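Q: Could you take me through this model feature by feature, giving the general idea before the particular case?

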Amino acid sequence: MRAPGRGRVPSLLHRTDTMGQYQKHVFVCTSGKTCTAQDSATTFTVLRDAVKEAGLQQQVRVNHAGCMAQCGHGPMVVVYPEDTWYDGVTADAARRIAQEHLVGGRVVDDLRYVAPPGDNKLPKDQRPGETG
Ligand code: FES
(Lines give C-alpha, C1' and ligand atoms only; values in the text may rest on other atoms or scores of the structure.)
Protein backbone atom coordinates (compact mmCIF):
# COMPACT_ATOMS: atom_id res chain seq x y z
CA MET A 1 0.00 0.00 0.00
CA ARG A 2 1.36 3.36 -1.02
CA ALA A 3 1.49 6.26 1.40
CA PRO A 4 -1.03 8.93 0.48
CA GLY A 5 0.35 11.86 -1.43
CA ARG A 6 3.57 10.15 -2.43
CA GLY A 7 4.70 9.21 -5.89
CA ARG A 8 6.00 5.87 -6.94
CA VAL A 9 9.54 5.23 -5.68
CA PRO A 10 11.73 3.69 -8.37
CA SER A 11 13.36 0.45 -7.37
CA LEU A 12 17.14 0.65 -7.09
CA LEU A 13 17.32 -3.10 -7.71
CA HIS A 14 16.33 -2.61 -11.31
CA ARG A 15 18.66 0.22 -12.21
CA THR A 16 20.80 -0.37 -15.25
CA ASP A 17 23.06 2.63 -14.75
CA THR A 18 25.45 1.44 -12.07
CA MET A 19 27.60 3.75 -9.98
CA GLY A 20 26.67 7.23 -8.96
CA GLN A 21 29.28 9.72 -7.86
CA TYR A 22 32.46 7.64 -8.23
CA GLN A 23 33.87 5.11 -10.66
CA LYS A 24 35.30 3.11 -7.78
CA HIS A 25 34.38 3.07 -4.14
CA VAL A 26 36.86 1.54 -1.72
CA PHE A 27 35.99 0.51 1.82
CA VAL A 28 38.60 -0.25 4.47
CA CYS A 29 37.61 -1.87 7.76
CA THR A 30 38.99 0.63 10.24
CA SER A 31 36.70 0.26 13.20
CA GLY A 32 36.35 -3.48 13.69
CA LYS A 33 38.47 -4.85 16.54
CA THR A 34 40.77 -7.15 14.64
CA CYS A 35 41.48 -5.08 11.55
CA THR A 36 42.43 -2.15 13.74
CA ALA A 37 44.82 -4.47 15.62
CA GLN A 38 46.27 -5.35 12.20
CA ASP A 39 46.99 -1.67 11.41
CA SER A 40 44.13 -1.00 9.03
CA ALA A 41 44.61 2.73 9.73
CA THR A 42 47.84 2.56 7.73
CA THR A 43 46.09 0.60 4.97
CA PHE A 44 43.48 3.35 4.74
CA THR A 45 46.08 6.12 4.68
CA VAL A 46 48.16 4.45 1.97
CA LEU A 47 45.11 3.94 -0.27
CA ARG A 48 43.74 7.44 0.29
CA ASP A 49 47.12 9.10 -0.30
CA ALA A 50 47.78 7.05 -3.44
CA VAL A 51 44.44 8.11 -4.91
CA LYS A 52 45.24 11.72 -4.10
CA GLU A 53 48.75 11.48 -5.59
CA ALA A 54 47.26 9.99 -8.76
CA GLY A 55 44.81 12.89 -8.95
CA LEU A 56 41.84 10.52 -8.89
CA GLN A 57 39.87 11.98 -5.97
CA GLN A 58 36.93 12.73 -8.26
CA GLN A 59 36.84 9.18 -9.61
CA VAL A 60 37.85 7.03 -6.65
CA ARG A 61 36.53 7.37 -3.11
CA VAL A 62 38.25 5.66 -0.18
CA ASN A 63 36.06 5.35 2.90
CA HIS A 64 36.39 4.04 6.41
CA ALA A 65 34.13 1.08 7.09
CA GLY A 66 33.08 -1.00 10.04
CA CYS A 67 33.49 -4.72 10.51
CA MET A 68 32.87 -6.77 7.37
CA ALA A 69 32.44 -10.03 9.32
CA GLN A 70 35.73 -11.43 8.05
CA CYS A 71 37.56 -10.77 11.33
CA GLY A 72 41.06 -12.17 11.57
CA HIS A 73 41.73 -11.99 7.83
CA GLY A 74 42.40 -8.28 7.80
CA PRO A 75 43.03 -5.64 7.19
CA MET A 76 40.05 -6.10 4.89
CA VAL A 77 39.43 -3.95 1.82
CA VAL A 78 36.61 -4.12 -0.70
CA VAL A 79 36.42 -2.31 -4.03
CA TYR A 80 33.13 -1.59 -5.78
CA PRO A 81 31.62 -1.79 -8.33
CA GLU A 82 33.83 -4.81 -9.03
CA ASP A 83 32.96 -6.35 -5.64
CA THR A 84 36.61 -7.32 -5.26
CA TRP A 85 37.69 -8.22 -1.75
CA TYR A 86 41.27 -8.13 -0.48
CA ASP A 87 42.55 -9.57 2.79
CA GLY A 88 45.72 -9.05 4.77
CA VAL A 89 46.19 -5.67 3.14
CA THR A 90 49.51 -4.45 4.52
CA ALA A 91 50.95 -1.09 3.51
CA ASP A 92 52.85 -2.76 0.65
CA ALA A 93 49.73 -4.60 -0.50
CA ALA A 94 47.76 -1.35 -0.33
CA ARG A 95 50.34 0.33 -2.59
CA ARG A 96 49.95 -2.49 -5.12
CA ILE A 97 46.15 -2.34 -5.00
CA ALA A 98 46.27 1.42 -5.48
CA GLN A 99 48.67 1.26 -8.40
CA GLU A 100 47.39 -1.83 -10.19
CA HIS A 101 43.66 -1.78 -9.42
CA LEU A 102 42.60 1.77 -8.57
CA VAL A 103 44.91 3.50 -11.04
CA GLY A 104 45.57 0.72 -13.56
CA GLY A 105 42.12 -0.86 -13.53
CA ARG A 106 43.37 -4.44 -13.07
CA VAL A 107 42.31 -6.56 -10.11
CA VAL A 108 45.33 -7.80 -8.15
CA ASP A 109 44.53 -11.49 -8.33
CA ASP A 110 47.23 -12.73 -5.97
CA LEU A 111 45.93 -10.47 -3.19
CA ARG A 112 42.25 -11.31 -3.66
CA TYR A 113 40.23 -12.68 -0.80
CA VAL A 114 38.31 -15.73 -1.85
CA ALA A 115 35.94 -17.11 0.76
CA PRO A 116 32.43 -18.50 0.96
CA PRO A 117 29.67 -15.85 0.91
CA GLY A 118 28.67 -14.41 4.27
CA ASP A 119 30.46 -14.34 7.61
CA ASN A 120 33.94 -15.85 7.72
CA LYS A 121 35.31 -14.78 11.08
CA LEU A 122 38.20 -16.76 12.48
CA PRO A 123 37.57 -18.23 15.94
CA LYS A 124 38.09 -15.56 18.62
CA ASP A 125 41.29 -17.13 19.95
CA GLN A 126 42.86 -16.82 16.48
CA ARG A 127 41.99 -13.16 15.92
CA PRO A 128 44.56 -10.44 16.59
CA GLY A 129 43.40 -8.06 19.29
CA GLU A 130 40.57 -10.37 20.37
CA THR A 131 41.55 -13.17 22.66
CA GLY A 132 39.21 -15.21 24.79
S1 FES B 1 37.24 -6.34 12.21
FE2 FES B 1 37.61 -6.09 10.09
S3 FES B 1 36.32 -7.58 9.21
FE4 FES B 1 35.81 -7.66 11.30
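A: We begin with terms: helices (H or I, at least four residues) and strands (E, at least two) are DSSP runs, numbered from the N terminus, and two strands pair if DSSP finds at least two bridges between them. In the hairpin of β3 and β4, three residues lie between the strands, and aspartate 83 takes a positive phi near 60°. This is a predicted model, in which local features need pLDDT of at least 70 and side-chain atom pairs count only at pLDDT 80 or more, while totals for chains, interfaces and linings use all residues. Residues are numbered from 1 along each chain as its sequence is written.

Q: What average pLDDT does the chain have, and over which residues does pLDDT stay under 50?
A: pLDDT is the predictor's confidence in each residue, from 0 to 100. The chain averages 89, and 84% of the residues score at least 70.

Q: Which residues make up the covered face of β3?
A: In a regular strand the side chains alternate between the two faces of the sheet. In β3, Val77 and Val79 form the covered face, whereas Val78 and Tyr80 form the uncovered one. Valine 77 touches Val26, Phe27, Val28, Thr43, Tyr86, Val89 and Ile97, leaving aside residues up to four places away in sequence.

Q: How many residues does the largest nonpolar core have?
A: A nonpolar core is a set of buried Ala, Val, Leu, Ile, Met, Phe, Trp, Tyr and Cys residues joined through C-beta atoms within 7 Å; a residue is buried if 20 or more other C-beta atoms lie within 10 Å of its own, with C-beta atoms placed from the backbone. The largest has 22 residues, and Val26, Leu47, Val77, Ile97 and Ala98 have the most contacts inside it. α2 gives the most to this core, with five residues.

How values were computed: Buried ≥ 20, exposed ≤ 12 C-beta atoms within 10 Å, placed from the backbone. Contact = placed C-beta atoms within 7 Å.
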